[in-house]
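Hi there,

Here is the structure I promised to pass on. Please have a look at it first, and then read my notes below.

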Amino acid sequence: GKKIFQMFERWFTKFPFIRQIYPAAKQIVDSFISREKPSFKKVVLIEYPSKGLWSLGFLTNESFEEANRVSGTELLHVFVATTPSPLTGFLVLVPKSGVKLLDIPIEDGIKLIVSGGIVKP
């Protein structure tokens with residue numbers, strides 16, 4: 001099965017548009033399903049999309065030097081997932097001071113998003 005998949009993958013990546021998109025998409029999917037290096041590090045709360053409105057998000061990374069330099073502040077990468085699919089959403093770069101860490105497991109954060117807030121942690 002593995003060899004057949006590799007042959008299909010080589011054939012598939014010969015198409016012009018797919019050749020540019022597929023490697024990045026594969027890397028993203030691999031990172032979402034990886035057990036060794038989880039994509040989501042913490043469940044967080046941020047004021048998004050505007051002040052007074054709070055969104056649940058997932059801390060995905062803490063360092064983007066170019067954005068930090070240009071903004072003049074330390075920014076954290078927060079993925080704000082959309083209901084009901086936690087694989088789609090928005091990447092928001094938020095000042096560290098605007099990120100509130102929640103003490104709940106990643107799985108509970110995902111359940112909360114998938115259920116539209118019905119299932120509470």
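**Salt bridges and a surface patch**

Lys 51 is exposed, as its relative accessibility is 72%; exposed means over 50% relative accessible area, buried under 20%, and partly exposed in between (1.4 Å probe, protein chains only). Before you go further, please note that this is a predicted model, in which local features need pLDDT of at least 70 and side-chain atom pairs count only at pLDDT 80 or more, while totals for chains, interfaces and linings use all residues. Residues are numbered from 1 along each chain as its sequence is written, and side-chain values use heavy atoms, with hydrogens and water left out.

Back to Lys 51: its side chain meets that of Glu 47 in a salt bridge, at 3.7 Å from N to O. The term stands for a side-chain nitrogen of Lys or Arg within 4 Å of a carboxyl oxygen of Asp or Glu. Glu 47 is partly exposed, at 32% relative accessibility.

How many salt bridges does the structure hold? There are 3. Another one joins Glu 66 to Arg 69, where the closest N and O atoms are 2.7 Å apart. Both residues sit in helix H3, 3 residues apart, or about one turn of the helix. (Helices, H or I with at least four residues, and strands, E with at least two, are DSSP runs numbered from the N terminus.) Arg 69 is exposed, with a relative accessible area of 57%, whereas Glu 66 is partly exposed at 43%.

Then there is Lys 111, which forms a salt bridge with Asp 108; here the closest N and O atoms are 3.9 Å apart. About one helical turn separates the two, because they are 3 residues apart in helix H4 (residues 106-114). Lys 111 is partly exposed at 46%, and Asp 108 is partly exposed at 22%.

Now for the phenylalanines. Phe 64 lies in the loop between strand E2 (54-61) and helix H3 (65-71), and is partly exposed with a relative accessible area of 39%. Leaving aside residues up to four places away in sequence, Phe 64 touches His 77 and Leu 93, a contact being heavy atoms within 4.5 Å. Phe 64 and Leu 93 are 29 residues apart in sequence, and their C-alpha atoms are 9.2 Å apart.

Phe 5, in helix H1 (residues 2-12), is partly exposed at 46%. Together with Phe 8, Trp 11 and Phe 15, Phe 5 makes a nonpolar surface patch of about 430 Å². Patches are made of residues with over 30% relative accessible area and no salt bridge, with like charges joined within 9 Å and nonpolar side chains (Val, Leu, Ile, Met, Phe, Trp, Tyr) within 5 Å. Areas come from the Shrake-Rupley method with a 1.4 Å probe, and for residues only the protein chains shown count as cover.

Best wishes
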